[in-house]
Amino acid sequence: MNAQPLSIIQCAQRLALLVLFSVLTACTGDSATDNGNGLLVSSGPTQKHRVIAVLGLMADVNFNLIAPSEEALAANTAKIASTLSTNANLRAYLGDSWRVVWGPVLSNSPKKDKDTGAITYVTDNAMYVAKGQDATTGRDMYVVAVAGTNVVSKKGWLVEDFNVFEKVDWPTPGSGQISAGTHAGLAILIAMKDTVTGKTLTEFLGNLPKDAPVEVASTGHSLGGALSPALALALIEWKEKNVLNHITVSVYPLAGATPGDAAFATYAATKFGDRYFSVINRYDIVPNSWQKDMFERIPTLYRSAPFNNGAGFAFPSELLGAYEAVRVAVQNKGYTRIAADKEFVFSGTPNTYTPENPGGFLPEAGYQHINAYLTDGLNLPQPVIEAVLNLFKN
């Protein structure tokens, strides 16, 4: 009997496994080491940018956490405030003014064990707001930190990350379309209510003092890097509608996939102006999704030098069919990077491997999606990297 062809959704699921395995490999470490030689192609992020990025990465506190209850998931997020207030290395780097003032707010899903029937919970989306001082101006600023994909969240992978086969109109007429996944994730963020203040994000920001200018910076890594520009654009339209001229919205996405089409990219870039500060790694498979010419590069990203001492890593043959099906499905969707000419694009240093751990496409993809940003992209001090990674040891 001939096997039935895979549906696009099934192909997306298989391709999602590639990303999932890649990220898990990067985070477990496997005994591979970082050779520490950055290959930045131009001047890198400012210190302000690095501070915002670190705060954004901390939103991933529930990464890889499977908990017995939603209360346990919420309790784990207290590590963000605790780390900001007690970690000397982090306070020295960020400044000691930063504190959590809204959230963290979570959107969670139950998981049922197929053998025992036991119910556990995972976080699909998370967001919090930190207040601190902009070291360059001395003014108060707020960082809206959006979590990236949680590797144990099926909803995160399929409803948001890989939900790109359909597009949804951005509400403003003539402003293009975003992926159905970005639309779904943004709707979750907009509806979130902080349990302490009882306010949504816009309700909280709308109550900020109006007697002084304030910056609100939207940031996040991976899925957060796709959602944070959409969230920033929604905040800009909200503040314009409500004539909140004391608020300036900026956006600092990190390692984000492309959220919308060319018309959306043009509209967003116009609204962001000079307040858009994206960082992507040319060797990261996530920002290479979903713009046509970039997505077509993925199978060859690590094929030759400088990877694996010049020998390169081949794309997994068992995933080529799934990749090709997804490529064909999205090639005419028109996904386009926002303000590509303003993005800081760096070349992540290849990871180093041993004969016992020879590496491969998947481990390298995971390393380039996470570790390379901490070292090559942001050039963070090792104590700061350790403080961030310690949050994810769930």
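Trp290 sits in the loop between β8 (279-281) and α11 (292-295), where helices (H or I, at least four residues) and strands (E, at least two) are DSSP runs numbered from the N terminus. The peptide bond that leads from Ser289 into Trp290 is cis, with omega near 20 degrees. This is a predicted model, in which local features need pLDDT of at least 70 and side-chain atom pairs count only at pLDDT 80 or more, while totals for chains, interfaces and linings use all residues. Residues are numbered from 1 along each chain as its sequence is written, and side-chain values use heavy atoms, with hydrogens and water left out.

A cis peptide bond also joins Ala305 and Pro306, with omega about 10 degrees. Pro306 belongs to the loop between α11 and α12 (320-330). Asn308 is placed in the loop between α11 and α12, and has a positive phi of about 55 degrees although it is not a glycine. With a relative accessibility of 30%, Asn308 counts as partly exposed; buried means under 20% relative accessible area, exposed over 50%, and partly exposed in between, with a 1.4 Å probe and protein chains only. Asn379 is a residue other than glycine with a positive phi, near 55 degrees, and lies in the loop between α14 (371-377) and α15 (382-391).

The protein chain as a whole has 15 helices and nine strands. Of its 394 residues, 54% are buried. The accessible surface comes to about 16700 Å², and carbon and sulfur atoms hold 53% of that; the areas come from the Shrake-Rupley method with a 1.4 Å probe, and for residues only the protein chains shown count as cover. Among contacts between residues at least 6 apart in sequence, 75% join residues at least 24 apart, a contact being heavy atoms within 4.5 Å.

Helix packing comes next. Two packed helices are described by the angle between their axes and the distance between the axes. The axes are lines fitted to C-alpha atoms, for helices over the stretch in contact, and angles run from 0 to 180 degrees between N-to-C directions.

Helix α6 (residues 154-161) packs on helix α7 (residues 180-191) at an angle of about 120 degrees, with the axes 7 Å apart. That angle makes α6 oblique to α7; angles under 35 degrees count as roughly parallel, over 145 as roughly antiparallel, 65 to 115 as roughly perpendicular and the rest as oblique. Lys155, Val159 and Glu160 of α6 make the contact with Gly181, Thr182, Ala184, Gly185 and Ile188 of α7. By class, this contact has three nonpolar, three polar and two charged residues. Here Ala, Val, Leu, Ile, Met, Phe, Trp, Tyr, Cys and Pro count as nonpolar, Asp, Glu, Lys and Arg as charged, and the others, Gly among them, as polar.

Thr182 is a residue of α7. Its relative accessibility is 6%, so Thr182 counts as buried. Leaving aside residues up to four places away in sequence, Thr182 touches Glu160, Ala226, Leu227, Ala230 and Pro259.

On the α7 side the contact is made by Thr182, Gly185, Leu186, Leu189 and Ile190, and on the α9 side by Ala226, Leu227, Ala230, Leu231 and Ala234. These residues divide into eight nonpolar, two polar and no charged.

Helix α9 (residues 223-241) packs in turn with helix α10 (residues 262-272), at an angle of about 60 degrees and with the axes 10 Å apart. The two are therefore oblique to each other, and α9 passes α10 in a left-handed crossing. From α9 the contact takes Pro229, Ala232, Leu233, Ile236, Glu237 and Glu240, and from α10 Phe264, Tyr267, Ala268, Lys271 and Phe272. The contact of α9 with α10 has eight nonpolar, no polar and three charged residues.

Helix α2 (residues 47-57) is largely enclosed by the rest of the structure, because nine of its eleven residues are buried. The buried residues of α2 include His49 and Arg50, together with Val51, Ile52, Ala53, Val54, Leu55, Gly56 and Leu57.

Technical notes:
A crossing is left-handed if the near helix is turned anticlockwise from the far one by less than a right angle, and right-handed if clockwise.
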